[in-house]
Amino acid sequence: MAKFKKKSKTNQEIPTAALPDIIFMLLFFFMVTTVLRETTINVRQLIPRAQELRKLQRKSLVSYLYVGEPKNTEQWGKEPRIQANDVFIEIKDIVMWVTQEKDKLDEVERDQITIALKVDVDAKMGLISDIQLQLREANARKLMYSTPKKGAD
Amino acid sequence: MAKSKERREITINSSSMADIAFLLLIFFLVTTQILNEKGLTIQLPPKPDDMDIIDVKIKERNLFKVLINSADRILVEGEILQSMPELRQMVKDHVLNNGRNPKMSDSPKKAIISLKTDRGTRYEIFIAVLDEIQGAYYDMYAERVGLSNERWREVASDHKDPEDKKLYETGRNMVDGTVLFPMNISIAEPSKVGG
């Protein structure tokens, strides 16, 4: 019996001194990998889900267009509008916008620019096809209908 | 006096450090959004005035027509589509026909899926239909090389690896630089009048 008692005297605490460091590492990982969104979206964005998605490889080549009913309906009305960066643009301005976006890229990569369309479910195809026609005009032919995956949240 | 002062251990209690770090961590987890760079990709045709205006004659049998009207009803090859999953099999039957059924395509190379909407069609329906059509193609490609549909899409998005590249080329049946199994999806300009 005496022998067992001696054993129980040993220190059983787990050293937790390294715990803050581990947590900090996790923290830094998340700080580095996540990107804060730079633009505030002023249109309603309920994006339809799809199954057969493809991933884009080069994030730097992507420019976003947001389409949907404006959130501030008193000022902008209920018709779906196009938002690029922080402002609403008209259909005729798309060519100019694409040129500006292309200027941001390296010269060799300009043709590879991909336009990601984030469109609300209730937008009509008339508007979408007008955008597509302008993109063809601007020679930005890679297009992605950005959608979340079905079933996932 | 001096000696006793030195012996006193001065430590800052750091047990709450982990809690503080946890709070920061949770804050970042909640506030940041990982950018979603996934979606349905298509390649637009070139500028209308750049294209040579040649009347390419396409045989009726090679065209697979999908029409969506402004009331979001879908017409496939002249018949009303009852349920969305049916569309996928119909597309596959059409493309893989290889001349057997005289109403369907001659070969996968010649088969064209034509998707036409109305200006009043809702975007949601368009995406649902495009998703099914592209899915049908991905299924067929994946089957040709014995991959899962999901893996095929990964290969198609990124085939820098030589082995992946080979898979990608066999899947699309590339012979001497021409793709014999292309994904011919034509998105026509919508009709102006609702119907």
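Helix α4 (residues 123–145) of chain B lies across β2 (63–68), β3 (74–76), β5 and β8 of that chain, and runs at about 175° to β5(B). Contact here requires C-beta atoms, placed from the backbone, to lie within 7 Å of each other. Angles, from 0 to 180 degrees, are taken between N-to-C directions, with axes as lines fitted to C-alpha atoms, for helices over the stretch in contact. Helices (H or I, at least four residues) and strands (E, at least two) are DSSP runs numbered from the N terminus. The model is predicted: local features need pLDDT of at least 70 and side-chain atom pairs count only at pLDDT 80 or more, while totals for chains, interfaces and linings use all residues. Residues are numbered from 1 along each chain as its sequence is written, and chains are lettered from A and ligands numbered from 1 in the order in which they are written.

The sheet of chain B is open and has five strands in the order β4-β3-β2-β5-β8, with mixed pairing. Its edge strands, each pairing on one side only, are β4 (79–80) and β8 (185–191) of chain B. Two strands pair if DSSP finds at least two bridges between them; β5(B) and β8(B) have five, in the parallel sense. B:Leu115 has B:Ile187 in β8(B) as its bridge partner. Chain A also takes part here: α5(A) packs on the sheet, touching β5 and β8 of chain B, and its direction makes about 120° with that of β8(B).

This helix, α5(A), has 13 residues and reaches 18 Å from its first C-alpha to its last, close to the 18 Å expected at 1.5 Å a residue; the expected span is 1.5 Å times one less than the number of residues. Its buried residues are A:Met125, A:Gly126, A:Ile128, A:Ile131, A:Gln132, A:Leu135 and A:Arg136. A residue is buried if 20 or more other C-beta atoms lie within 10 Å of its own, exposed if 12 or fewer, and partly exposed in between, with C-beta atoms placed from the backbone. After α5(A) comes A:Asn139, with a positive phi near 60°.

The interface involves 47 residues of chain A, in contact with 47 residues of chain B. On the chain A side, α2 (19–33), β1 (54–55), β5 (114–119), α5 (125–137) and β6 (142–146) each supply at least two residues. That side divides into 26 nonpolar, nine polar and 12 charged residues. Strand pairing also crosses between the chains: β6(A) runs antiparallel to β1 (residues 38–43) of chain B, joined by five bridges. Within this pairing, A:Lys142 stands opposite B:Gln43 in β1(B).

Chain A has five helices and six strands, in the sequence pattern α-α-β-β-α-β-β-α-β-α-β. Its radius of gyration, taken over C-alpha atoms, is 25 Å, well over the 15 Å that the globule rule gives for 153 residues, so chain A is more spread out than a compact globule. That rule is 2.2 Å times the number of residues to the power 0.38. The C-alpha atoms of chain A fill a box of roughly 90 × 40 × 30 Å along the principal axes, and buried residues make up 27% of the 153.

Two loop residues of chain B remain. B:Asn98, between α3 (84–95) and β5 (112–118) of chain B, has a positive phi near 55°, and counts as exposed because it has 12 C-beta neighbours inside 10 Å. B:Asn173, in the loop between α6 (162–171) and β6 (174–175) of chain B, has a positive phi of about 55°.

How values were computed: Contact = placed C-beta atoms within 7 Å. Nonpolar A, V, L, I, M, F, W, Y, C, P; charged D, E, K, R; others polar.
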